[in-house]
Amino acid sequence: MPQLSRRAFAGALPVGLLGGSLFSAAIIGRAAAPAAAQEAARAPASVTPLAQIRIGRFTVTALTDGYADMPYDYFPGRSPAEVEKSATAQFSARTSGVRFLFNQYLIDDGQRRILIDAGAAGSIGQTGQLPQALAMLGITPDQIDAVIVTHMHQDHMGGLILGGKNNYPQAELYIDRRDVKHWTDPAKRNGAPDFLQTSFAMAEEVVRLYPRLQAIDGEREIVPGISIVDLTGHTPGQIGVRVEDGGKSLIMVSDMIFPVVHPGATDVFFLFEQDPAAAKAMRDKFFPRAASEGALIAATHMPFPGLGRIVADRGEMRWQIADWALQD
């Protein structure tokens, strides 16, 4: 099994992403941006893209922390040559592998700001852009009311503890209890491969630095219209987040879907997955249901903004990018 290291991602291209945004006047005008956020917004450096959709009373903003290219041999279930062939057929092949975006989603209902995941924060590839993306909205991390961590892999929680401190000091923190138990278990850590050691170390820091951490059990409503969806498999306690209001809904599915290989095949995995059989079982269950319901999905690692649907096309599942811009 290949070893995951920062060197594997070092060949990624410099970030130069520019994107339009449908900014919500209610969000931007609700409070003047602090001086630091204003300065970051004026900086000439390239910025991450922003995109917004409305789900009833909720404004959901897609942000990104950056990207990393995952080598073709990081997908057990297919040979590297097969994965590269699929990537080539989808016009997404790169010399360094399959490009993973690190998308985060900010939910705002005018009263509370809830962030889904906190990014890799430089621990993998070309990442660490989430604070800048928030600053483009005039938001600093201490204005986030809650963070929901979908699972305790480093690319989903690194931003919580960057610099060895609590970077979201006003936020309630929600993580599934099964993941907290797994990633803080010394026996699990001792038996884990090297490429997971960073996640174990980060998990301990998250628990130490966030006394307001709520280890939650199963599916539940966090606030009216925002609820937890059980997606266990990729990790023991991976969760999704459903936003629902006004007859519209969006499901943020985290690492249920990876680019190039999903949703066409559920027997292709990713190196980080602890229980491939459980991950496959969940995808076998979720993909057909999402297709039959026409569910709007937000996926962490799909091309920005990660919004799309799973559709059944002549007996096969495929990813259909959502037509999200300028929609009612």
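User: Is Ile257 buried or exposed in this structure?

Analyst: In this predicted model, Ile257 is found in the loop between β13 and α9 (276–293). Its relative accessible area is 0%. Buried means under 20% relative accessible area, so Ile257 counts as buried.

User: Which residues does Ile257 touch, not counting residues up to four places away in sequence?

Analyst: One of the residues that Ile257 touches is Ile310. Ile257 and Ile310 stand 53 residues apart along the chain, and their C-alpha atoms are separated by 9.8 Å. With residues up to four places away in sequence left out, Ile257 touches His262, Phe287, Ile297, Ala299, Met302, Ile310 and Trp319.

User: Why is the pair of Phe286 and Phe287 given its class, and what is that class?

Analyst: Phe286 is buried, at a relative accessible area of 10%, and Phe287 is buried as well, at 1%. The search of the whole structure finds 10 aromatic pairs. The ring centres of Phe286 and Phe287 are 6.5 Å apart and the ring planes meet at 65 degrees, so this pair is edge-to-face.

User: Which residues form one aromatic cluster?

Analyst: Phe258 belongs to the cluster, and Phe258 is also among the residues in contact with His301. Phe100 likewise belongs to the cluster and is in contact with His301.

User: With which side chains does the side chain of His301 make polar contacts of 3.2 Å and 3.0 Å?

Analyst: His301 is placed in the loop between β14 (297–299) and β15 (307–313). His301 counts as buried because its relative accessibility is 2%. At 3.2 Å, the partner of the His301 side chain is the side chain of Asp155; at 3.0 Å, the partner is the side chain of Asp255.

User: How do the residues of the lining of the second largest cavity divide into nonpolar, polar and charged?

Analyst: The lining of this cavity consists of Asn103, Tyr105, Ile116, Asp117, Thr150, Met252, Val253, Ser254, Ala298 and Thr300. Asp counts as charged, and Asp117 is one of these lining residues. The division is 5 nonpolar, 4 polar and 1 charged.

User: Which residues lie nearest the centre of the largest pocket?

Analyst: About 620 Å³ of space lies in the largest pocket. At least two residues of its lining are supplied by each of α3 (80–89), β4 and β16 (316–321). The lining divides into 18 nonpolar, 7 polar and 6 charged residues. Of the 31 lining residues, those nearest the centre are Gln90, Ser92, Pro259, Val260 and Met302.

User: Of the contacts in the chain between residues at least 6 apart in sequence, how many, in percent, join residues at least 24 apart?

Analyst: The secondary structure of the chain comes to 9 helices and 16 strands. Of its 328 residues, 50% count as buried. Among contacts between residues at least 6 apart in sequence, the share that joins residues at least 24 apart is 73%.

Definitions and conventions: Residues numbered from 1 in each chain as written. Predicted model: local features only at pLDDT ≥ 70, side-chain atom pairs only at ≥ 80, totals over all residues. Heavy atoms only, no water. 1 Å grid on protein atoms, 1.4 Å probe; cavity = no way out; pocket = protein on both sides within 12 Å on 5 of 7 lines; lining within 4 Å. Helix = DSSP H or I, 4+ residues; strand = E, 2+ residues; numbered from the N terminus. Buried < 20%, exposed > 50% of the residue type's maximum accessible area, 1.4 Å probe, protein only. Polar contact = N/O pair within 3.5 Å; in protein donor to acceptor, adjacent residues only side chain to side chain. Contact = heavy atoms within 4.5 Å. Phe/Tyr/Trp six-rings, centres within 6.5 Å; stacked < 30°, edge-to-face > 60°. Points joined across faces, edges and corners; volume = space filled by probe spheres on them.
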